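Look at the sequence and structure first.

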Amino acid sequence: MIDELDRRVIAALQLNGRAPWSAVARWAGASETTAQRRYQALRERRLLHVVAALELDRTTAGSSMLVRVQALPGKGLELAEVLADCREVRFLAVVTGTADLIVDFVAQDNEHLMRLLFTDLPGAHLIAGTECVAVIRTFTSAALWDTGLLPAEAAANLRPAALATPCDREDWDQAPQALSDLEHAVADALAPDGRLPVSTLARRLGRSESSVARALDRLVGRGVLHFRTLVEPALLGYDAEFMVWLSIEPDRLDAAGRQLARHPGTKFLAAATGRFNLVGHVVLPRRTDLFRYTGEVVGALPGLNASDVTLHLSTVKYGWTRMDQFG
């Protein structure tokens, strides 16, 4: 469906979804005009989209609850459609294994979460069971994932200096930072299209370009706003996509999390509550690679007690965006 130049453009944007076209073109090995044309073609084909997202643990945007859902027999896809339309769902995948769906709900507070999970749960009549794990610390996130398709120097050149790995940040447990009204407005405007020019943002918000540019620089400089490039991993050569659910001895959790976060296939990894206290979203080139991965990577983690894998059949929603509604 795409060629190597398309993949290099995607890889550059994965490193920084808002990188200047001059930098994208340099690492893609093409002219700026060609890089932009390839990006637009990929968007029009609904294969790629760049979005902006606030970092939950650094703002007051809410907290994440990962839910493993068992659907009633034969109702999994119907349930996925219902949940995908829920505005609190940030991520949704249809999987195989010990769950049918994996859903990431984002709630503002405990009251909101209780209403969402216990009284207003969408598609409750289609659900056989659920298991919830609350994310309590992020080790690495999808915004930091490197496709491995470009030289190592590309990340240093393309990524903002503030985009540090969460587990390496000294301020990971500090209180969330409040955003100004303008910062909130900028983040909201960039959420559906992370590459909107500052001039367009200023016009939409009715503010000067300089004030909007400063607000955007503050958000990026504080590591509060990330730009995500949404694309099916299979287009980049990763045919195996899965969630790994691990039970780790509490005193080894930090060490295990840091170790697994360094694996090149780890897109997201977080410490959580519940029987699975380390949860990751991983990609590998082939499903057969799972055999060595479970033995050599998961099996080598310190303090491992138990593990589970849920293999993705379809990713329905990612970064608040339905994957079938790009463009």
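The notes below are grouped by topic.

This is a predicted model: local features need pLDDT of at least 70, side-chain atom pairs count only at pLDDT 80 or more, and totals for chains, interfaces and linings use all residues. Residues are numbered from 1 along each chain as its sequence is written, and side-chain values use heavy atoms, with hydrogens and water left out. Helices (H or I, at least four residues) and strands (E, at least two) are DSSP runs, numbered from the N terminus.

**Strand S7**
- Nine of the nine residues of S7 (residues 240-248) are buried, so this strand is largely enclosed by the rest of the structure. Buried means under 20% relative accessible area, with a 1.4 Å probe and protein chains only.
- Ala240, Phe242, Val244, Leu246 and Ile248 point one way from S7. Glu241, Met243, Trp245 and Ser247 point the other way.
- S7 runs antiparallel to S9 (residues 278-284), joined by seven bridges. Strands pair if DSSP finds at least two bridges between them.
- Seven bridges also join S7 to S10, again antiparallel.
- Trp245 stands opposite Val279 in S9 and opposite Asp308 in S10.

**Strand S3**
- Seven of the eight residues of S3 (residues 89-96) are buried, so S3 is largely enclosed by the rest of the structure.
- S3 is antiparallel to S4 (residues 101-107), with five bridges. Val89 has Phe105 as its bridge partner in S4.
- The two strands S3 and S4 form a hairpin with four residues between them. Gly97 in the turn has a positive phi of about 130°.
- Five bridges join S3 to S10 (residues 304-318), also antiparallel. Ala93 stands opposite Thr315 in S10.

**Helices H1 and H3**
- H1 (residues 4-15) and H3 (residues 32-44) pack at about 90°, with axes 10 Å apart. Axes are lines fitted to C-alpha atoms, for helices over the stretch in contact, and angles run from 0 to 180 degrees between N-to-C directions.
- H1 and H3 are therefore roughly perpendicular to each other (65 to 115 degrees).
- The contact (heavy atoms within 4.5 Å) uses Leu5, Asp6, Val9, Ile10 and Leu13 of H1. From H3 come Thr34, Ala35, Arg38, Tyr39 and Leu42.

**Arg228**
- Arg228 lies in strand S6 (residues 225-230).
- Arg228 is buried yet has no salt bridge (a side-chain nitrogen of Lys or Arg within 4 Å of a carboxyl oxygen of Asp or Glu).
- The nearest side chain of opposite charge, Glu55, is 7.6 Å away.
- Not counting residues up to four places away in sequence, Arg228 touches residues including His49, Ala142 and Tyr318.

Terms used. Buried means under 20% relative accessible area, exposed over 50%, partly exposed in between (1.4 Å probe, protein chains only). Lys and Arg count as positive and Asp and Glu as negative; His and the chain ends are not counted. Angles under 35 degrees count as roughly parallel, over 145 as roughly antiparallel, 65 to 115 as roughly perpendicular and the rest as oblique.
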